[in-house]
Amino acid sequence: MTLKGCATLAGTTRYRERFQNAARGHFRNEQQLLLSSIGIGTYLGNADEQTDQRYMETVTAAVKLGANVVDSAANYRFQRSERSIGRALHSLISEYGFSRDEIVLCTKGGYLPFDGAPPRDVRGYIEETFVKPGIAGLDEFAGGSHCMTPSYLENQLEQSRRNLGVESIDVYYIHNPESQLGSVSEAQFYARLGTAFDFLEKARKQGTILWYGVATWNGFRAAAESRQYHSLSKMVELARAAGGESHGFRFIQMPFNLAMPEALTLRNQCVNGKEVSTIEAAGELGVSVVSSASLLQGRVASGLPDEIRKSLGSLETDAQTAIQFVRSTPGVATALVGMSNRAHVEENLRLTQIAPASPEAFVRVFSN
């Protein structure tokens, strides 16, 4: 069964009302939706049925405990993460009384997804799956693994909708577009991105996505002179050319955590003649920022200095402290956290009952 509709302001407001004990500031109004300050990511884990089942259980638990932002990608665990989320979503609706319009469902396309497991012959997989059906040519895969032509993105969007069992995806990201920059010039890169945005605007009109964006690793963390650098202003210009002032390019995703603060500290963007950080640029350009790698795969979830712990409220665990830093950062909508077991879900989402740190406390983290 395909679930109809998408996230809405009315639906996400209804979701917030389920959590009367949620602290002020846990839900944020972004792009006419209420997003939880903590979301669940589904990147890590083995490509096996045991991990599939754990993700189904943890996504279900996270939504039941106050996280309505669920994030994935076509290539995460070779499509298995999307499929696990799809099963969880159907369970939440059929067994627990949630509605599709309460949950903000995000995924990504761009990389080769494979199907359940990596093939022995990658070139053969590309030729059989994409070249022979006329979806993409071999020369359109940058580095042999990344493609963002309209026909490829259309194929990947349809695949993700099937995996998730939904009519519409709320935020559809082009995944790590900087992967293209090792193969094409900067001018070619932005031309390809503009063509991709043209397709995504058409998908919005068709109702298969609500919003779109880019999910990056290095692009927004690089210096302006770097080969992998992304200009957020240029991307917004491309979106305006594709969709006018009401364009759908409204989200970016990038790593941000205690060990990787560049989104806030590196003034690598230019907006209206001013040099600003990516977070500041996004705010001025009407784009919402979602943090990936909020715990840096557990590397900032232990051994934090006492000064940081105290500044952020002397919370129960270092993992909570690291998440608190991200969700308390002005301009960050949601901190994504990979959670593959229920104990971690319960620990992390106890933060829903704790207000984000004050601006003064946040500043003290950097002074330490």
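## Nonpolar cores

A nonpolar core is a set of buried Ala, Val, Leu, Ile, Met, Phe, Trp, Tyr and Cys residues joined through side-chain atoms within 4.5 Å. Buried means under 20% relative accessible area, exposed means over 50%, and partly exposed lies in between (1.4 Å probe, protein chains only). This is a predicted model: local features need pLDDT of at least 70, side-chain atom pairs count only at pLDDT 80 or more, and totals for chains, interfaces and linings use all residues. Residues are numbered from 1 along each chain as its sequence is written, and side-chain values use heavy atoms, with hydrogens and water left out.

The largest nonpolar core has 82 residues. Ile174, Phe197, Phe249 and Ile252 touch the most other members. Helix α6 (residues 186-206) gives the largest share of this core, eight residues. Helices (H or I, at least four residues) and strands (E, at least two) are DSSP runs, numbered from the N terminus. Another core lies apart from the largest one; its 13 residues include Ala7, Leu33, Val69 and Tyr173. In soluble globular proteins, nonpolar side chains tend to be buried together.

Phe249 has contacts (heavy atoms within 4.5 Å) with residues including Phe197, Tyr212, Leu232, Met235 and Val287, leaving aside residues up to four places away in sequence.

## Aromatic pairs

The whole structure has 16 aromatic pairs. Rings of Phe, Tyr and Trp (its six-membered ring) pair if their centres lie within 6.5 Å; planes under 30 degrees apart are stacked, over 60 edge-to-face, and the rest tilted. Tyr15 and Phe98 form a tilted pair, because their ring centres are 6.1 Å apart and their planes stand at 40°. Tyr15 is in helix α1 (residues 9-17) and Phe98 in the loop between α3 (80-96) and β5 (104-109), so the pair ties together parts 83 residues apart in sequence.

Tyr15 is buried at 0% relative accessibility. Phe98 is buried too, at 7%. The charged end of Arg18 sits over the ring of Phe98, 4.2 Å from its centre. That term requires NZ of Lys or CZ of Arg within 6 Å of the ring centre and within 35 degrees of the ring normal. Elsewhere, ring pairs link Phe78, Phe114, Tyr125, Phe130, Phe141 and Tyr152 into a cluster.

## Cysteines

The structure holds zero disulfides (pairs of cysteine sulfur atoms within 2.5 Å). For Cys106, the nearest cysteine sulfur is that of Cys6, 12 Å away. Cys106 is buried, with a relative accessible area of 5%. Cys270 is partly exposed at 46%.
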